[in-house]
Amino acid sequence: MDSLTERYVAMYTQGRTRLTTWLDDVDDDDLSRRLHDDSNTLAWMLQHIGEVELLFAKNIFEHEIDVKAHTIGPNAGKREQFGSAQDLRALLDRSGRELHAAIAAQDDDAWTREVTADFGTLPLQEALARIITHTSYHAGQAHLTLKYGAA
């Protein structure tokens, strides 16, 4: 039987397919797409997903990595450009690998450990649910922006 951690890794991997199945369809001309004038660009959403996954790996799962966030806090400007589509795919590849490694590094006993962040105090297993839903939520927004947004 798979360990609890192995099951959580599989759950994370499956949840992230909401992003990975279409990410290669994005090209540089798509990055400025937005659903309306006040919404975030596709580039911003992809950058945000990667940054939050890296922040979770570091701050929630205690994975030793460097993270610089541009879409959270005082630097959260929505009209910034974040490089090319390839740059964003590289960021998302890195964030996926780092978060996967951070989840896989947990002992089965760690999942009931409480963690505290800006969203409150939760058991680690609930924090995992939070990052899975965060990525899936924004991946859905980003995919709609790719399909229907204006550049």
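Visitor: Which helix is Tyr148 found in?
Guide: Tyr148 sits in helix 5. Helices (H or I, at least four residues) and strands (E, at least two) are DSSP runs, numbered from the N terminus. A word on the source: this is a predicted model, with residues numbered from 1 along each chain as its sequence is written, and side-chain values use heavy atoms, without hydrogens and water. Local features need pLDDT of at least 70 and side-chain atom pairs pLDDT 80 or more, while totals for chains, interfaces and linings use all residues.

Visitor: Is Tyr148 buried or exposed?
Guide: Buried means under 20% relative accessible area, exposed over 50%, and partly exposed in between (1.4 Å probe, protein chains only). Tyr148 has 58%, so it counts as exposed. Arg113 is at 27%, so it is partly exposed. You'll find Arg113 in the loop between helix 4 and strand 1 (114-117).

Visitor: What is Arg113 in contact with, leaving aside its neighbours within four places in sequence?
Guide: Contact means heavy atoms within 4.5 Å. For Arg113, that gives Ile60, Glu62, Gln106, Leu122, Pro123 and Leu124, with neighbours within four places in sequence left aside. Arg113 and Leu91, on the other hand, are 22 residues apart in sequence and 29 Å apart in space, C-alpha to C-alpha.

Visitor: How do I read a nonpolar core, and how many residues has the largest one?
Guide: In soluble globular proteins, nonpolar side chains tend to be buried together. A nonpolar core is a set of buried Ala, Val, Leu, Ile, Met, Phe, Trp, Tyr and Cys residues joined through side-chain atoms within 4.5 Å. Here the largest has 24 residues, and those with the most contacts inside it are Phe56, Ile60, Phe61, Leu99, Ile103 and Leu128. At least two residues of this core come from each of helix 1 (4-15), helix 3 (42-60), helix 4 (85-104) and helix 5 (124-148). There's also a second, separate core of 18 residues, including Trp44, Met45, Ile49 and Leu92.

Visitor: Which residues does Leu128 contact, leaving aside its neighbours within four places in sequence?
Guide: With those neighbours left aside, Leu128 is in contact with Tyr8, Met11, Tyr12, Phe61, Ile103 and Trp111.

Visitor: And what pattern does the chain follow along the sequence?
Guide: Read that way, the pattern is α-α-α-α-β-β-α, which comes to five helices and two strands. Buried residues make up 44% of the 151 residues in the chain.
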